[in-house]
Amino acid sequence: MLVIGAGFGGLAAAYELSRDGLADVTVLEKAGDIGGVWRENTYPGAACDVPSNLYSYSFARKTDWGRRYAEQPDILGYIQHTAERFGLRDLVRTGVEVTSAAYDDGSATWQVTTASGEVLEADVLVPAVGQLSRPALPNIAGLDTFTGPSFHSAQWRHDVDLAGKRVAVLGTGASAIQFVPRIRQTAARVTVFQRSAPYVVPKLDRAYTDTHHAAFQKVPGFAAAMRGAIWETTELLGFALTKAAPLARVLQGLASSNLKRHIKDPVLRAKLTPDYPIGCKRVLFSSEWYPALAQDNVDVETDAITEVTTTGVRTADGRLHEVDVIIYGTGFKATEFLAPMTVTGRDERDLHTEWADGARAHLGMAVPGFPNMFLIYGPNTNLGSSSIILMMEQQARYIRQITEELARGGVARAFEVRRDVEQSYDAAIQSRLDSGVWTTCQSWYRTASGRVTTNWPGLVHEYQRRTRVAALEDYHEVLPAKETQEVSA
């Protein structure tokens, strides 16, 4: 069994599928170490926007986080410690990039090819490459002409000293609101180029004290109760964003109060006021963003960028903003699932051709025509709130059930989700999404055609209920072509 990717999702799959000796699991990781996005994103201020008590595996709950909202080094350390503790690191091959995967009809196995030309065979393929793993650069003329240092926030250049520099930041998403308050403390000037203003609510962060840690570790049930309370709170937030307009208005009020409290200049406040319904784009959490933008050495530009030149950034009003460094906080290619890998299914189906109108999968995991391939963090499983680890773990448990059934068979075979089941599921999910807030503006949740391919339209509780039992009647069994031919003969 092959798992692609050694982030939170891939390691959750490795844990479930190797537990009790169920399967021989190998995890292929293209980078030099495990950790996924928490290995890659090392920009100043990188931290989680889900309370740390909920941001750990259910089988390895952590109670000694340093802060209410854990920072990147602590999260990466947790991933590494957990992998060591449960023997998962021994299953991982690092520095191995998968370039293609093809289903072999004759043997009912997957043939996986790496960048080095090595070919590996697996009965079950579990891509767990995530939705936020491939940095996206904007489509702006002249990006390559800038003569100073330029880099994406997920590829942070720690060798570039920003002290005393004029820095351009393109983007105002979840990464930018964390690193801008940090870099403006030493930079001479930071110019933030904003395409659309985000909704930002206060992030009630704090360091955990010895008293907190003692309570988490010594008071029976306290840590579990805290985790449960946070989960239900995040579910309430998800309910507000997807179904409950009055609750959404309360959240919008919090964001508006946060803005008014910190931004007194009416011109700047107008720039920072969103012009779309709350929740359409990712709601952000920060108590530092607005105070940073109010500083004398920070400017917010809302005119469209027309080009990047050798010395700076030109906007639609004709001005050239000369800078020393450009940082792209422009997000990820979230809707390009499994790219740039080539994935070929039964009867030589090309996955990206199948997904030409947008990625889709039954329960976000199974695709018709691609037997024994199950995705972790696949289409329509992202969350507008709560902890994505809860979704990933549930997917891993579901895949384990399928694997257990395969193991009971005693012969080589594969399960392929029925096309009518996937189509019915997708129609229902898209109907819910079409009537929700995520279709009211353009965002990274949607493809160019407008289809929402990233987000789950309900609560985590609903997803867990629907995936608690793997319904085998949703699948049909695929035998190796060679065995089918022998039976026919």
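Mentor: Threonine 82 is buried, at a relative accessible area of 2%. Buried is under 20% relative accessible area, exposed is over 50%, and partly exposed lies in between, with a 1.4 Å probe and protein chains only. This is a predicted model: local features need pLDDT of at least 70, side-chain atom pairs count only at pLDDT 80 or more, and totals for chains, interfaces and linings use all residues. Residues are numbered from 1 along each chain as its sequence is written, and side-chain values use heavy atoms, leaving out hydrogens and water.

Trainee: Which helix is threonine 82 found in?

Mentor: Helix H3, residues 72–85. Helices (H or I, at least four residues) and strands (E, at least two) are DSSP runs, numbered from the N terminus.

Trainee: And what is threonine 82 in contact with, leaving aside neighbours within four places in sequence?

Mentor: Tyr57, Phe59 and Ala60. Contact means heavy atoms within 4.5 Å.

Trainee: New topic. How many residues of helix H4 are buried?

Mentor: Seven of the eight in 176–183. Among them are Ile177, Phe179 and Val180.

Trainee: What do the buried residues of H4 pack against?

Mentor: Strands S9 (166–170), S10 (189–193), S12 (284–285) and S17 (325–328), plus helix H9 (289–293).

Trainee: On to the open sheet. What is the strand order?

Mentor: S6-S5-S4-S18, with mixed pairing. S6 (119–122) and S18 (342–344) each have a single partner strand, so one side of each lacks a neighbour in the sheet.

Trainee: In which sense do S5 and S6 pair?

Mentor: Antiparallel, over four bridges, with S5 at residues 109–114. Two strands pair if DSSP finds at least two bridges between them. Valine 112 has leucine 120 of S6 as its bridge partner.
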